[in-house]
Amino acid sequence: MITSQTSFIALIGNPVTHSLSPIMQNAALEYLGLDIIYIAIPCRDEDLRLVIKSLKKINCKGLNITIPYKQKVFNLCDEVTPVAKKLTAINTLKLNSDQEWSGTNTDVEGFIYPLKTLNLSRKEAIVLGCGGAARSVIQGLINLNFSKVTIISRNKKSLNELMKNFANQSEVKGLLNSDDQINNLIEETDLIVNTTPVGMKTESNSENNLLPYGENFWKSLNSKTIVYDLIYNPAPTALLKYCDKKGCRTIDGKQMLIAQGLKSLSFWTNGLEVPFEIMANALKKYI
Ligand code: NAP
């Protein structure tokens, strides 16, 4: 029951209506018996600084950050963990002992979760998009010992920014989606990860049947390639349905959602753990 003692954790992003974090986090908070609720707060770009600063003055126990603010929030934290510092992308904040925001990134561990049981050492990967989640994906692929990671972006400026985070990593290369090498790369790669929001369900988006960079981009894909789409709503996306028809192994964003959520909850509660199934069962009715 919500009382005058109840505090809250919030998800900040735009849009947030697609998010299933409130469902799974509230189930986990209830399991732990904590008097905390989890809510989603849509926030406009021009209000982000004010909202993040204000939330630390009220009874807010922590934050999750989603699209498109994972990088912008980096500069609004007073301290960050080493992984967040390397990626300059934050998805989880809590108040430190000085009541200031301490930021971390749990997406790296979340992303790796469904890949852990596959033997991917020295394999090659392509990452589509170069926003906040892409940084975690690239770090995850480095941690899994991939020999080559090619980032494909529509935007030269954001690609150059992202490459700065991995300046010392010779296995990481960046390309624009108009590059001639792309057909060959798609044909030969072992894993493709979509980190663009193309295909995501939102209130205003009736075009979630689109494929990232258009259908032509995918024509050389063959069945040996694993395709991982970070999107979990809908699951599968139009991309994963297309790749499934081509015979590829596909992975949607559900396991990553839960695995990063468990890590965030542990960060907010200084180490409390919840079984994976508690969050997974809560989501069953929704995806
Ligand atoms: P973000 O920081 O806004 O980055 C999005 C990236 O996609 C940017 O590089 C952007 O390019 C690119 N992009 C946007 N629209 C595009 C289009 N129509 N065609 C090609 N590229 C496009 O967002 P994010 O935080 O990285 O999140 C990205 C997606 O991953 C979202 O759908 C999110 O829900 C999902 N995600 C899932 C999980 C999970 O737990 N399963 C975790 C994190 C993220 P520009 O640079 O040109 O803007």
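**Cavity**

I looked up the largest cavity in this predicted model and got a volume of about 50 Å³. A cavity here is a set of points, on a 1 Å grid over the protein atoms alone, where a 1.4 Å probe fits but cannot get out; lining residues have an atom within 4 Å of a point. Grid points are joined across faces, edges and corners, and a volume is the space filled by probe spheres set on the points. Searching the whole structure, I found 1 cavity of 30 Å³ or more.

I listed its lining as Glu124, Ala125, Ile126, Lys148, Thr150, Leu185, Glu188 and Thr189. Two or more residues each come from β7 (124-128), β8 (148-153) and α7; β7 gives the largest share, 3 residues. Helices (H or I, at least four residues) and strands (E, at least two) are DSSP runs, numbered from the N terminus.

**Threonine 189**

I then checked threonine 189, which sits in the loop between α7 (182-188) and β10 (191-194). Its relative accessible area is 3%, so I noted threonine 189 as buried (under 20% relative accessible area; exposed is over 50%, partly exposed in between; 1.4 Å probe, protein chains only). Neighbours within four places in sequence aside, threonine 189 is in contact (heavy atoms within 4.5 Å) with Glu124, Ala125, Ile126, Lys224 and Thr225.

**Largest pocket**

I recorded a volume of about 1,300 Å³ for the largest pocket. A pocket is an open set with protein on both sides within 12 Å along at least five of seven lines. Of its 47 lining residues, Ile67, Gly132, Ala133, Thr195 and Pro197 are the closest to its centre. The largest share of this lining, 5 residues, is from α6. I noted that domain 1 (7-105 + 255-283) and domain 2 (109-252) both give residues to the lining, so the largest pocket lies between them. The domain bounds come from an automatic or database domain assignment.

**Second largest pocket**

I found about 240 Å³ of space in the second largest pocket. It has 13 lining residues, with Glu109, Tyr113, Ala259, Leu262 and Lys263 nearest its centre. Elements giving two or more residues to this lining are α4 (107-112) and α9, and the largest share, 4 residues, is from α9. Each of domain 1 and domain 2 supplies at least three residues to the lining.

**Conventions**

Residues are numbered from 1 along each chain as its sequence is written, and side-chain values use heavy atoms, with hydrogens and water left out. As the model is predicted, local features need pLDDT of at least 70 and side-chain atom pairs count only at pLDDT 80 or more, while totals for chains, interfaces and linings use all residues.
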